[in-house]
Amino acid sequence: MQVQEFSGLAGVLQKIDPRVKLCSFIVLVVSAVAVRTLTSLFILSLVIITLCALSRIPIRFFLLRTTIFIPLFAGIIALPLPFITPGTPLARFAFGLLVVRISSEGVYKAALFTFRVWVCVASSVLLISTTKFHELIHGMEKLRLPRILVLMMSVTYRFIFLFVNEAHRMVLAMESRTVKRKRWRDAVRSLASMMATLFIRSYERGERVYFAMTARGYTGTIRSLDEMSLTRRDLFLAVAFFLICLLVVATDYLHLGGW
Amino acid sequence: MENVAIELKDVSYAYPDGHVALQRVNLKVVRGERIAILGANGAGKSTLLMLMNGLYAPSTGTVSVLGNPATGRYLSTVRREVGLVFQDPDDQLFCPTLWDDVCFGPLNMGLSEEEVRIRSVEALRAMALEGYEDKLPHHLSAGEKKRAAIATVLAMRPKILILDEPTANLDPKGRRELAKLLRTLHDSQSLTLVIATHDVNFVPEVADRACVLNCGRLVADGPMKEIFSEGSVMEQANLEPPIITQLYRAVAKDQGTDGFPLTVQEALSELGYH
């Protein structure tokens with residue numbers, strides 16, 4: 001969880017109420033999905049980069065972090081678009097009988113899709129890197145997201161490190177008894193048994209945690225203290241942010257120029 | 001009758017798979033008492049503790065806490081009065097931050113927010129964990145985790161505190177601090193302490209009475225000194241007396257009127273050092 005390192009910095013976003021950040025994040029993602037031109041997405045990405053700088057997150061780190069998986073996921077999905085979209089032909093390749101055309105509309109579509117995914121990924125990275133995880137959880141609780149969902153996320157985050165450690169210990173224990181280089185088949189088999197063991201252990205852990213909850217009076221409803229307060233600044237930023245997004249989407253729909 | 005904290009009458013417990021963990025256990029814990037449940041691994045200690053909190057229902061016999069049966073509509077009262085600290089703190093700390101964990105119990109009791117805050121602050125202070133509110137459980141040391149787990153239970157202000165293997169995974173410093181905190185708790189709040197352990201060198205510092213479990217049966221019950229002096233019971237239960245007591249038993253001819261010492265402190269004062 002390298003991104004969490006920045007959540008303790010004294011930047012602008014770090015000081016904002018997690019609820020405001022969560023809502024703004026949703027507004028940003030919805031706007032990114034709604035707009036239909038690269039210009040609008042470019043403006044949105046400028047907004048993200050500005051917020052990133054104001055929150056003292058190293059821009060290079062941020063760009064690397066957000067771009068690294070884009071070609072892998074969005075790129076693969078967008079790859080066929082230039083070939084299958086009908087429109088003005090940009091290029092034409094012939095391999096014997098097979099003729100492949102690239103249309104400019106297709107290229108634009110692919111670029112739009114990839115850029116759109118980047119804006120969504122970047123906004124979620126920005127949210128996670130400027131908010132402590134427990135604040136995020138509390139924010140979601142207060143926004144009345146389904147309790148069971150929030151609880152699942154919170155418990156997952158709490159125990160994931162434990163299970164990673166456990167898995168790591170198991171790997172070490174296995175390696176310490178491995179003398180010969182293993183054959184591929186044996187490696188797969190020991191991995192499978194490790195997964196099974198880990199599954200049983202987590203199941204047992206779940207039971208014990210449930211007992212610990214019951215012992216402290218848990219009967220199925222999670223309660224929490226009301227410890228967040230919205231400041232004027234929070235509200236001002238929320239409204240400003242919402243207006244910017246609205247403006248971008250509106251301009252986009254009114255075709256006021258842009259490419 | 002008023003004075004009884006926990007009473008087990010003829011309690012047997014069998015797990016769903018048929019394994020019998022406890023057989024006809026009779027035990028009376030008096031209020032304000034410090035009692036140790038001694039037993040080897042698998043002797044039934046943890047099962048006994050689960051019964052005392054109403055997490056398990058006995059197969060036969062009855063469990064009552066402060067006069068109420070630990071079943072049905074009394075369950076929530078029983079769980080409020082009996083604070084159970086599990087062996088692995090990672091099972092007990094399941095919230096994002098320590099503060100959330102400490103508030104969890106009081107919030108379930110339906111207390112006002114103000115009261116929840118007061119109790120949580122108090123519990124953290126009692127366990128010397130002030131300033132740890134926003135810490136994440138996986139950033140704590142083993143000793144801190146153990147104290148945190150106790151704090152989560154203390155916040156409910158129980159009258160009886162039950163600990164399962166409290167010294168497991170603790171280093172010497174953690175053990176020392178824990179012993180001190182437990183003594184302070186008992187002295188200042190007259191808490192009833194029930195401690196299940198096989199750490200015989202730790203237990204004389206935090207308990208006065210000992211019950212020995214062997215294969216699900218209660219084989220001895222009495223003052224700590226008497227129990228540890230009776231070698232045969234300990235051997236049968238696959239336990240041994242504290243190391244100091246063993247030494248005394250080997251070199252001293254008779255145990256005198258007070259029995260053999262159990263701790264280094266006691267041995268020193270018997271030898272005339274202060």
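This is a short talk on a two-chain model, covering chain B, the A–B contact and the domains of chain A.

The model is predicted, so local features need pLDDT of at least 70 and side-chain atom pairs count only at pLDDT 80 or more, while totals for chains, interfaces and linings use all residues. Residues are numbered from 1 along each chain as its sequence is written, and chains are lettered from A in the order in which they are written.

I start with chain B as a whole. Chain B holds 12 helices and 10 strands; these are DSSP runs numbered from the N terminus, with helices being H or I of at least four residues and strands E of at least two. Its radius of gyration is 19 Å, which agrees with the value near 19 Å for a compact globule of 274 residues. That radius is taken over C-alpha atoms, and the globule rule is 2.2 Å times the number of residues to the power 0.38. Along the principal axes, the C-alpha atoms of chain B fill a box of roughly 60 × 45 × 35 Å. In chain B, 48% of the 274 residues count as buried, meaning 20 or more other C-beta atoms within 10 Å of the residue's own, with C-beta atoms placed from the backbone.

Next, one hairpin. Strand 1 (residues 4-14) and strand 2 (residues 20-30) of chain B pair in the antiparallel sense over 7 bridges; pairing requires at least two DSSP bridges. Val4(B) sits opposite Val30(B) in strand 2 of chain B. There are 5 residues between the strands, and Gly18(B) in this hairpin takes a positive phi near 100°.

Now the cores. A nonpolar core is a set of buried Ala, Val, Leu, Ile, Met, Phe, Trp, Tyr and Cys residues joined through C-beta atoms within 7 Å. The largest has 87 residues, and Ile162(B) and Ile195(B) have the most contacts inside it. A second, separate core of 25 residues includes Leu28(A) and Phe241(A).

What does each chain give to the contact between A and B? Chain B gives 25 residues and chain A gives 24 residues, where contact means backbone-placed C-beta atoms within 7 Å. On the chain B side, the largest share, 5 residues, comes from helix 4 of chain B.

Last, chain A. Its domain assignment, automatic or from a database, gives domain 1 (2-141 + 228-253) and domain 2 (146-215). Their C-alpha centres lie 34 Å apart, and each domain supplies 4 residues to the contact between them.

Key. Buried ≥ 20, exposed ≤ 12 C-beta atoms within 10 Å, placed from the backbone.
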